[in-house]
Amino acid sequence: MTGNKIEQTTLSNGLTVLVETMPAVQSAAFSLLIPAGSAYDPPGQNGIANALADWITRGAGDRSSRELLSALDRLGIQAHESATLNHLAIGSTCLAGNLPTALSIYADVVKHPHFDEEDFDAVMAGVEQSLLAIEDDPRQKVMFELVRRCFPSPWGQSSEGTLADLERITPESVRMQYRRCVRPQGAILGIAGNVTLEQVLPVLETDYAEWSGANEITLTTGERGAYREHIPHESTQTHIGVAYPAIAYGADDYYQGWAAVNVLSGGMSSRLFTEVREKRGLCYSVYASLNALKDQGQVLCYAGTTTERAQETLDVLVKELKRLGDGIEEAELNRCKARAKSSLIIAQESTSGRAGSLARNWFYLGRVVTLDEVRRKIEALTTKSVLDYVHAHPADDLTLLTIGQEPLEG
């Protein structure tokens with residue numbers, strides 16, 4: 001599928017660098033993961049990582065916010081910054097020849113952000129607006145709230161933050177979080193495209209040399225949320241969230257876990273879509289996804305339905321989750337494999353996708369996973385191996401969260 005050369009090095013300041021050379025493309029991309037995500041948000045200030053992701057790019061080095069955006073635009077750089085659970089994620093895609101310049105510009109972003117006070121209100125307004133949008137969409141809200149409850153703290157903390165915590169986030173608290181977290185030791189830079197390590201290394205060794213230190217926060221796993229909870233909401237609809245424990249990202253049987261969830265919810269022929277929506281017409285939307293973290297995971301399920309049919313929808317949903325252990329058909333697994341192979345073909349053509357995968361794999365596994373390795377593991381899946389996983393990780397220990405007029409029988 002791909003024989004691209006992948007190289008790895010660690011700079012003297014501790015930054016891990018991974019480069020996949022893709023000679024068949026003209027573009028290049030980088031993904032920089034810095035351990036400063038929402039899991040590191042101080043207690044009572046969930047949302048700092050989200051604010052930091054926006055504020056850090058509003059002027060840096062000798063460039064104002066406008067000048068920084070203009071410099072990126074002149075190079076044709078498609079930039080993106082966001083907060084995830086574990087990381088402040090910064091990345092861009094551009095023509096391969098412009099990548100060294102892009103990396104140099106972003107060296108100023110991580111080393112010398114301006115954090116101008118006059119930009120702070122706009123930053124926080126953006127954070128608030130995204131949270132209000134979630135509040136106005138119960139379909140999104142039920143899943144965000146489900147994650148808060150099924151994972152122990154801080155692993156359930158939303159990367160968007162919480163409305164209740166926003167008033168406690170100040171300019172100085174964001175600056176303090178930057179000083180404590182935005183450091184190269186533990187950070188990972190993934191690069192993919194028509195570039196080589198030899199081409200980018202001089203810029204990295206020169207422009208990132210002054211960046212030093214390590215994240216000063218030690219994460220401690222705390223309590224998880226309630227197993228059963230209902231959030232009252234006046235509506236003719238009920239939104240149902242169900243979660244149960246699953247596999248961690250780096251586990252040996254991760255792909256078996258992935259396949260099991262895809263049998264449940266991998267397309268219009270999947271079990272949940274067929275049994276809950278198509279045959280019975282119980283809901284307008286139903287799905288399941290695997291949320292795998294570094295050392296734990298949960299299967300997250302959603303169903304949106306009318307108030308009158310909510311209890312029946314929940315009952316059928318849970319029945320299908322448990323029925324998975326009764327057996328898996330060869331045709332179901334073959335459909336999963338076909339979808340995965342299509343995704344792999346698309347992935348091998350995306351420089352941004354490969355840059356992100358390099359960095360994520362190194363974080364979760366401490367090594368690079370090639371597309372060929374993924375393909376081999378998918379092809380090696382059998383109905384027996386997937387069923388063995390299901391029996392070892394059944395749909396038990398359920399977390400149930402509902403939003404609507406009345407709570408449901410769990």
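**Entry 1: the five-stranded sheet**

In what order do the five strands of the open sheet stand? I looked this up before anything else, keeping in mind that this is a predicted model. The order I found is S7-S11-S8-S10-S9, and the pairing in this open sheet is mixed. Strand S7 (228-232) and strand S9 (283-292) are at the edges; each has a single partner strand, so one side of each has no neighbour in the sheet. From one strand to the next, the twist averages 15 degrees.

I also noted a helix on this sheet. Helix H9 (residues 254-265) packs there and touches S8, S9 and S10. The direction of H9 makes about 180 degrees with that of S9.

**Entry 2: strand S8 and its partners**

Next I turned to S8, which covers residues 237-246. On one hand, S8 pairs with strand S10 (residues 297-306) in the antiparallel sense, over 10 bridges. On the other, five bridges join S8 to strand S11 (residues 399-404), and these two also run antiparallel. I reminded myself that strands of a sheet pair through backbone hydrogen bonds.

How many of the 10 residues of S8 are buried? I get eight, so S8 is largely enclosed by the rest of the structure.

**Entry 3: His239**

Is His239 buried or exposed? The relative accessible area of His239 is 3%, and because anything under 20% counts as buried, His239 is a buried residue.

In S11, His239 stands opposite Ile403. Leaving aside neighbours within four places in sequence, I listed the contacts of His239: Pro138, Arg139, Val142, Tyr284, Tyr302, Ala303, Leu401, Thr402 and Ile403.

Val263 is 24 residues from His239 in sequence, and their C-alpha atoms are 22 Å apart in space.

**Entry 4: the six-stranded sheet**

There is another open sheet, formed by six strands in the order S1-S2-S6-S3-S5-S4, again with mixed pairing. Which are the edge strands? They are strand S1 (5-10) and S4, each pairing on one side only. The twist in this sheet averages 10 degrees from one strand to the next.

I followed one pairing in detail. Strand S2 (residues 16-21) and strand S6 (residues 188-193) pair in the parallel sense over six bridges. Within that pairing, Gly190 in S6 is the bridge partner of Leu18. Helix H3 (residues 99-111) packs on the sheet and touches strand S3 (27-34), S4, S5 and S6. The direction of H3 makes about 155 degrees with that of S5.

**Entry 5: Thr16**

Thr16 has its place in strand S2. With a relative accessibility of 11%, Thr16 counts as buried. Not counting residues up to four places away in sequence, Thr16 touches Gln8, Thr9, Thr10, Ala187, Ile188, Leu189 and Trp362.

**Entry 6: helix H1**

Helix H1 (residues 48-55) is mostly covered, with seven of its eight residues buried. I noted them as Ile48, Ala49, Asn50, Ala51, Leu52, Ala53 and Trp55. What covers the buried residues of H1? The cover includes strand S4 (78-83), strand S5 (88-95), helix H4 (120-135) and helix H7 (171-181). H1 lies across S4 and S5 and runs at about 160 degrees to S4.

**Entry 7: the whole protein**

Last, I stepped back to the whole chain. I counted 15 helices and 11 strands in the secondary structure. The radius of gyration is 22 Å, close to the 22 Å that the globule rule gives for 410 residues, so the protein is as compact as a globular protein of that length. The C-alpha atoms fill a box of roughly 60 × 50 × 35 Å along the principal axes.

Of the 410 residues, 54% count as buried. The accessible surface comes to about 17800 Å², and 48% of that belongs to carbon and sulfur atoms. For contacts between residues at least 6 apart in sequence, I noted that 82% join residues at least 24 apart.

Note on methods:
Residues numbered from 1 in each chain as written. Predicted model: local features only at pLDDT ≥ 70, side-chain atom pairs only at ≥ 80, totals over all residues. Heavy atoms only, no water. Helix = DSSP H or I, 4+ residues; strand = E, 2+ residues; numbered from the N terminus. Buried < 20%, exposed > 50% of the residue type's maximum accessible area, 1.4 Å probe, protein only. Contact = heavy atoms within 4.5 Å. Pairing = 2+ DSSP bridges. Axes fitted to C-alpha atoms, helices over the stretch in contact; angles between N-to-C directions. Rg over C-alpha atoms; globule rule 2.2 N^0.38 Å. Areas by Shrake-Rupley, 256 points an atom, 1.4 Å probe, with all protein chains shown as cover.
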